[in-house]
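Me: I want to go through some labels and see what each one rests on. Show me the model, please.

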Amino acid sequence: MSLHDSRGAALPSYRTRPPDQSPGTPPGGNTLNTAKDYKEEAKNLRSQAQGEFNKQEKDKGEIVKDKKAKPAKPWVVDRLQFKQDTIGYLDRRRTHIYVLDVAAKSLAQVSSGDFDDTEPAWSPDGKRIAFTSNRSQPDPDRTYNTDIWVVPADNKDKGAHPTQVTTNPGEDHQAAWSPDGKWIAYSSQLEPKLFEYSTKQIAVVPVPEAGGTPGDAKVLTLALDRMATQPKFAADGKSVYFIADDDGTQNLCLVEIATQKITRPMGGRFMLYDYSLSKSGEIAAQITTLERPNEIYTAPGGKLTRITHANDEVLAKLKLVQGEYVKFKSQDGTVVSGYMYKPLGYVAGKKYPAILRPHGGPVWAYYAEFDHLPQLLAANGYVVLFPNPRGSTGYGEDYCKAIFADWGNKDFQDDMAMVDYAIAQGIADPDKLGVGGWSYGGISTDFIIGQTKRFKAAISGAGAAEFTSLFGHDQYQKVYFTELGYPWEKQALWTKLAPFYRVEDITTPAMFMGGNIDWNVPILGGEQMYQALKFLGLDTELVVYPGEYHEFTVPSHLEDRLKRYLAWYGHYVKGDAAPAVLPQDTSNVTPSAGDK
């Protein structure tokens, strides 16, 4: 939805942040990476899916057929976790760690078994490799547990006897070695029953000798109560850097191991995605702000300094709006935050049409980062509302877990509170409101239009409608039995959380979108909502993008989606005369006068 995803990442993914920085190259010039046995097949599966659509294209009234295509063999699976977006059906082929000797051009496998091994990290002396793996028994597919393991970099048995470093029953990952190679810092979730709702902590643990017993871990960030990730030891080994998800930002923090005192070497209202440390302690970081895409920054003398100018030329040609971080109270008095973008050329005292955009996740948040979508909508005359309702990260574990097994309730109230705030400020026109989101944002959209008639238009992307029908169909089997219980045992809860059973209360014209090979949140949810509203005689449309997973990659599809956003909202929210529904081919479609 991602259900819990994060912009793309491991299963299940709640935020989808960019991949962690490469752990580097050890002495000797060998490189380290993971290799998936099924990588080539995953590529083939996507080609097959796109090929099915090519076969349906017509040329002079005839179906185009690929006479050279061979019948695909059946997928045979026996795993509990048997699907994953961008891959499809899973079998027993696994991800393992390999070392490539660049000089010799030889490849050596250094981990193995019926487990997936990821996030390799070299020890400082280049003799050992730490990695992340779920090796819980009897079946890793049943748990969210991952631990840190270590193998000799030159082992000859494919890592048949790894040394376990951590034992926490929750998720331990992102191993980082201390300069002396005696300790590992890592990110850890201490409450496995809360899985992604659980706050990620930074911890350190001694590295046992080969075959030794795991030592006692020391958690360093309990008092912070914020998601903490991507640890790296300071050059002196006495402190650990990490990224903290806090109050709609991501900042670089530093925690002293002895005192657990936390400072912010790079702090402010921005989004720090990644960082590197020199041997002498200098920091370089990838940072984006509300008004500028990603650039590289350093902090000489504690002053944040931008050292790249990759986007200067294009930004000089654009008129952008500045997002505002605002706070407001929800129905029950809870303080909620979010980002509000006023229309380009905003005139104080004038009311504008507004678009509410619930975020994905639900365990995710909107941040102080550059985003094309609010800029596009603001340029087309809309107030854009990006709320961080309960369920969001950056506000503590209690705030995050407040919607555990209670979707579409408190988060609905918080989303609507931002609409009320914008109206009370005299900025949003209460008679010209639209709503739309992707992933859990699409699910939230379905919840919203089933509980209020205030919106003139809705666009639900990659949403889910009836969760029982997704059980065994999407990739979220662990989410379901951990958070909701089994549907045959908790039928009342599963029904309560399904937006599908509120369709008779919907009056809002609604468009549903998704990719046809999305196994994160399959198009099935959009199809169900579309079918129901069509039966009920409402204005509705279904748009399915061939060959697309949860995160779209085809440029023409990305452009098409934005054009359909503007057309649907322009017609129903603004009242433009231009049609809400665009033709199948939008390559020659230009914005209407009301959308310029």
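Reply: Here, contact means heavy atoms within 4.5 Å. Note that this is a predicted model. By that cut-off, D411, F412, D415 and M416 in α5 meet Y440, S444 and I448 in α6. These contact residues divide into four nonpolar, one polar and two charged.

Me: What makes α5 and α6 roughly perpendicular to each other?

Reply: Angles of 65 to 115 degrees count as roughly perpendicular. The axes of α5 and α6 (residues 440–449) cross at roughly 85 degrees and come within 10 Å. That value falls inside the range, so the two helices are roughly perpendicular.

Me: How do you know that the reach of α5 is close to the expected 21 Å?

Reply: The expected span is 1.5 Å times one less than the number of residues. Helix α5 (residues 410–424) has 15 residues, for which 21 Å is expected. From first C-alpha to last, α5 reaches 21 Å. After α5 comes G426, with a positive phi near 75 degrees.

Me: Why do β8 and β11 stand at the edges of their sheet?

Reply: The open sheet has four strands in the order β8-β9-β10-β11, with antiparallel pairing. β8 (117–122) and β11 (163–164) each have a single partner strand, so one side of each is left without a neighbour in the sheet.

Me: What makes β10 and β11 a pair?

Reply: Pairing takes at least two bridges. β10 (residues 147–152) and β11 have two bridges, in the antiparallel sense, so they pair. W149 stands opposite Q164 in β11.

Terms used
Residues numbered from 1 in each chain as written. Predicted model: local features only at pLDDT ≥ 70, side-chain atom pairs only at ≥ 80, totals over all residues. Heavy atoms only, no water. Axes fitted to C-alpha atoms, helices over the stretch in contact; angles between N-to-C directions. Parallel < 35°, antiparallel > 145°, perpendicular 65-115°, else oblique. Nonpolar A, V, L, I, M, F, W, Y, C, P; charged D, E, K, R; others polar.
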